[in-house]
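User: I would like to learn how to read the features of a model such as this one. Please take me through them in order.

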Amino acid sequence: MTMLKNARLVCPDKGVFSGFVEWDKGKIIHVGEGEPEAVQGEVIDAGGLFVSAGFLDMHMHGGFGFDFGSCKDADELREALWLNALDGVTGVMPTHSGVERLTDEVAEKYAFYNEVMKDETGPELLGVHLEGPFFPAELAPGGIEKIPDPTAVKELVEAVPCIKRMTIAPEIPNGLETISVLEDHGVTASLGHGAPDSRTVREAIARGSRQVTHLYSGMKGVYRDAESVRHPGLIELAYLYDELAVELIANGKHLDSDLIRLVFRIKGPDGIFVVTDSHARDISLRGDKTQYVLKKWSEADGKYHFNPAMPIPEMLRVMVKEAQIPLADAVKTVTATPARLLHMENRKGKLAPGYDADIAAWDEDFQVKLSVARGKEIVNQLK
Ligand SMILES: [Zn+2]
């Protein structure tokens, strides 16, 4: 049994209050206000640090010198998850591009992902997110249009249970049928890298879509038809439909702080999940600890260009200090809201008895000092 006391607990629906949290065998058993009355087992003094549920990142390609796409076995995958957990990110959805049908290679690649998903302790593999490849050419990274074969997609998701999310442009031929296949198999169809009209988005929602991938990136806003009438693009439709939660790269670089505020004003913290979308710049640079985020594809030199990415705690700093979002609301977008969208709201994303002991403690500068993932201590600078 372990207790973290003298903490400023950040609980999205209750606000920020001083208290303690106690866990045992990977589960939280007690959360209380003020000082604990009786203490058993190990006690850690948080010294007034902020303490919340561990962070969840639903869109991450790589970083810290690894690329999820090139993990060769279960141990490498666990190491990649562990590196994320150093930042308090206790659950990750690795993101891959380019998988469109079941092949022997795909089955082999995902066999160890399926295995790691069964782990019961430590950082959690939340499933795999396939970012595409079913996008129109003008909004596809790399500029190649791919049209889905719904039967092949069905075969893929039936054979590979770790696939839990796919970003898809709903307006692509067979797009809506593919969304039905995904949602019927428990795979979230997230709308993105597309330019659908209102009718198509309404139909996607009717077929079960509930998410939009990196709002503002890889999509268009208001457009004019042949008669010069303006219509909402995917950006405005994401605002309009309460059913859709939006993914936000809240790093102050993709969107400035006023735009972040606008998204919070319209969607609220229940409708936003913040992600890094971080990449390893060059997988040969193993050991390069920096995370990168895609900036743009350059026709001129035929290469992707990258900005340094921000880990989740840094984005919390941007949301709170630059965009003036209340701390508990910002924390919700990296804990309770993604947990709900992952259908894990009964065990993740909250400090509450019976929930996974996923705990992050950080200081005023959002530097993580303690990280615990399903009861396993990843980093502890409080000893
Ligand atoms: Zn991405």
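**Reading the model**

Analyst: The model is predicted. Start with the domains: the centres of domain 1 and domain 2, taken over C-alpha atoms, are separated by 30 Å.

User: How many residues does the contact take from domain 1 and from domain 2?

Analyst: The size of an interface is often given as the accessible area lost when the parts come together. Here the reading is by residue count: domain 1 gives 16 residues to the contact and domain 2 gives 22 residues. On the side of domain 1 that touches domain 2, E1, strand E2 (15-24), strand E23 (368-373) and strand E24 (376-380) each supply at least two residues. By type, that side of domain 1 holds 10 nonpolar, 4 polar and 2 charged residues.

User: Where do the bounds of domain 1 and domain 2 lie?

Analyst: Domain 1 covers 2-50 + 361-380, and domain 2 covers 54-346.

User: Which residues touch the most other members of the largest nonpolar core?

Analyst: That core has 114 residues, and Leu4, Val21, Val51 and Ala361 touch the most other members. Strand E1 (residues 2-11) provides the largest share of the core, 6 residues. Both domain 1 (2-50 + 361-380) and domain 2 (54-346) contribute at least three residues each. Take Ala361 as a case: beyond four places in sequence, its contacts include Leu4, Ala7, Phe50, Val51 and Leu370.

User: In what sense do E1 and E2 pair, antiparallel or parallel?

Analyst: In a regular strand the side chains alternate between the two faces of the sheet. E1 and E2 pair in the antiparallel sense over 8 bridges, and they form a hairpin with 3 residues between them. Arg8 stands opposite Ser18 in E2. E2 is also joined to strand E3 (residues 27-33) by 6 bridges, again antiparallel, with Phe20 opposite Gly32 in E3. The hairpin of E2 and E3 has 2 residues between the strands, and Lys25 takes a positive phi near 50 degrees there.

Methods. Residues are numbered from 1 along each chain as its sequence is written. This is a predicted model: local features need pLDDT of at least 70, side-chain atom pairs count only at pLDDT 80 or more; totals for chains, interfaces and linings use all residues. A nonpolar core is a set of buried Ala, Val, Leu, Ile, Met, Phe, Trp, Tyr and Cys residues joined through C-beta atoms within 7 Å. A residue is buried if 20 or more other C-beta atoms lie within 10 Å of its own, exposed if 12 or fewer, and partly exposed in between; C-beta atoms are placed from the backbone. Helices (H or I, at least four residues) and strands (E, at least two) are DSSP runs, numbered from the N terminus. Domain bounds come from an automatic or database domain assignment. Two residues are in contact if their C-beta atoms, placed from the backbone, lie within 7 Å. Ala, Val, Leu, Ile, Met, Phe, Trp, Tyr, Cys and Pro count as nonpolar, Asp, Glu, Lys and Arg as charged, and the others, Gly among them, as polar. Two strands pair if DSSP finds at least two bridges between them.
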